[in-house]
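Please walk me through the packing of strands and helices in this model.

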Amino acid sequence: MPVQFNLNGVLCVEDGLPPTTSVLDYLRQHKGKTGTKEGCAEGDCGACTIVLAREDESGTAIYEAVNSCLLMLPQLDGANVVTVEGIADADTLDPVQAAMVETDGTQCGFCTPGFIMALYALRKGGEKPTDEVIHEALAGNLCRCTGYTPIVAAAKKACGNAPPDVVGARATLVPSSSYATENQRFSAPTSLEDLAALRAANPSAHLLAGGTDLGILTSKERQPLPEIISTVHVEELLEITETDDYLELGAAVTYTRALPYVKRLYPSLATLITRIGSRQIRNMGTFGGNIGTASPIGDTSPCLIALDATVILHSLSGARSVPLEDFFIGYRETCLGPSEFIKAIHIPKLSSGQAFRAYKISKRYDQDISSVIGAYRVGISDNKVASIRVAFGGMAATPKRASASEAALAGKDWTEETVLAVAAAVAEDFTPLSDHRASQAYRLRVAENLFVRLYRDLSEFEDLTDVVAA
Ligand SMILES: Cc1cc2nc3c(=O)[nH]c(=O)nc-3n(C[C@H](O)[C@H](O)[C@H](O)COP(=O)(O)OP(=O)(O)OC[C@H]3O[C@@H](n4cnc5c(N)ncnc54)[C@H](O)[C@@H]3O)c2cc1C
Ligand code: FES
Ligand code: FES
């Protein structure tokens, strides 16, 4: 079946190109859309930003900025794609383009189409352009020459007053279930049974959700992956279920879709999620992909372990639940069987008296991978530690619970002295590595200090701000 999508409102039907062709290469080399630029080919610079437009369940138009360098061509199937060439009328610039001209928001211009498209998504989304919102919307775009002040001014000028919009009939394309060339196949099942059957038949296939990890293999490393199974059209993997006791996120739910739930139920986790990559990354990236990639410095896993989450694994033989802390069995190794995949992540709600906090330590606030992540679910009663679960990322070969530290705190008085005494236990729990992100000594010191931060944060001794003005 060919891949079909709308590109700036024009139907494109593509067959014969390798499925691992990046959308960036496709646009530039096959469609002459050279406004979309290649800076890094790994999701960091935003020069390749395009927008995918769709309607949500309620019919509201959603415009999401994404990195075209990380997307494979068949991921566009059924999509409405907007590039920088598609946003101006014959003789009228889009308001964000006009504002960039008026504020002198461009110099060499290389980054500009990417900024324009990030701003276009912001404008079409209708969000009020506060400093915080603009910071978040542009964190995935780098400019080496203009400086950001005029670009922020353009955002303020052009965004915040878009009329309600409809994507309309252009959104009616349906994804095909398989796209293949002689040596490569990209399958996009739509039901759980079909995904389970495909997985069982192709245990060595690469599962693909948003592709913000996997896409680097094809974009940067140019690996011609022979067999790819996309999970993002499987309805059961897209479900979000909330009951009185838990939140369950389908493995293919993106960060952007999950964020309103997470903000309400686990606000500190939401703050951390808004630091995962950029909006472009969060619009595609999923919880299932973050867990599936099994990185010791992935941000969500320590948080979900501290929250006592379980993963629901599925295969043709049925489903099983595994506590997330037992899912990781070694460096980038999981307990997934060859025919299994992650169906959902089940997260208990906080009970009354419990608090959750997560702290991410990285060299840069935005668009950076953690050196250390500390995550804590704490229950305090009568000024004693009634319950405690602590997990860290960046401290071991897997995201891991800090059992000795938990034991050092459990049942103790909730005082700064108790918390300071945890220091010795952290070294019992972890022997971290030194690498380019941080040394062993730094990681240990940070992990100890994060307990103090937790104490001061929960005791409201400090008004913790995440970005400190210079
Ligand atoms: C610029 C940039 C910045 C980033 N910043 C951060 C960051 O700050 N913090 C962070 O934690 N990560 C970060 N990442 C990594 C990545 O965005 C996240 O890990 C993301 O959650 C991956 O989700 P995905 O849907 O894109 O996964 P994919 O790339 O589609 O898949 C990732 C892995 O998970 C497997 N997988 C996917 N779905 C399933 C499933 N249902 N069952 C089993 N296995 C599955 C895939 O086979 C693959 O091995 C960043 C990446 C980039 C490119
Ligand atoms: S080329 Fe840099 S983010 Fe895509
Ligand atoms: S204007 Fe030159 S990189 Fe931004």
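**Sheets, helices and a ring pair**

Four strands build an open sheet in the order 17-18-19-20, with antiparallel pairing. Strand 17 (354–361) and strand 20 (400–401) sit at the edges with a single partner strand each, so one side of each has no neighbour in the sheet. Strands pair here if DSSP finds at least two bridges between them. Helices (H or I, at least four residues) and strands (E, at least two) are DSSP runs, numbered from the N terminus.

This is a predicted model, in which local features need pLDDT of at least 70, side-chain atom pairs count only at pLDDT 80 or more, and totals for chains, interfaces and linings use all residues. Residues are numbered from 1 along each chain as its sequence is written, chains are lettered from A and ligands numbered from 1 in the order in which they are written, and side-chain values use heavy atoms, with hydrogens and water left out.

Eight bridges join strand 17 to strand 18 (residues 372–381) in the antiparallel sense. Y359 has G374 in strand 18 as its bridge partner. Helix 17 (residues 440–458) lies across strand 17, strand 18 and strand 19 (384–393). Helix 17 runs at about 140 degrees to strand 17. Axes are lines fitted to C-alpha atoms, for helices over the stretch in contact, and angles run from 0 to 180 degrees between N-to-C directions.

Four strands form an open sheet in the order 6-7-9-8, and the pairing is mixed. Strand 6 (178–180) and strand 8 (206–208) are the edge strands, each pairing on one side only. From one strand to the next, the twist averages 20 degrees. Strand 7 (residues 185–187) and strand 9 (residues 227–230) run parallel, joined by three bridges. F186 has I228 in strand 9 as its bridge partner. Helix 6 (residues 192–201) lies across strand 7, strand 8 and strand 9, at about 160 degrees to strand 9.

Next come the helix pairs. The axes of helix 2 (residues 95–102) and helix 5 (residues 149–158) come within 8 Å and cross at roughly 135 degrees. That makes helix 2 oblique to helix 5. Angles under 35 degrees count as roughly parallel, over 145 as roughly antiparallel, 65 to 115 as roughly perpendicular and the rest as oblique. The crossing of helix 2 and helix 5 is right-handed: the near helix is turned clockwise from the far one by less than a right angle. On the helix 2 side, P95, V96, A99, M100 and E102 meet I151, A154, K157 and A158 of helix 5. Contact means heavy atoms within 4.5 Å.

Helix 5 also meets helix 4 (residues 131–138), with axes that come within 10 Å and cross at roughly 115 degrees. This crossing of helix 4 and helix 5 is right-handed. D131, I134 and L138 of helix 4 touch I151, V152, A155 and K156 of helix 5.

What is the angle at which the axes of helix 3 and helix 4 cross? Roughly 130 degrees, and the axes come within 9 Å. Helix 3 and helix 4 are therefore oblique to each other. Helix 3 passes helix 4 in a right-handed crossing. F115, A118, L119 and L122 of helix 3 meet V133, A137 and L138 of helix 4.

Finally, the rings. The structure holds 11 aromatic pairs. Rings of Phe, Tyr and Trp (its six-membered ring) pair if their centres lie within 6.5 Å; planes under 30 degrees apart count as stacked, over 60 as edge-to-face and the rest as tilted. Y63 and Y120 have ring centres 6.1 Å apart and planes at 85 degrees, so the pair is edge-to-face. Y63 lies in strand 4 (residues 61–67) and Y120 in helix 3 (residues 112–125), 57 residues apart, so to speak linking distant parts of the chain.
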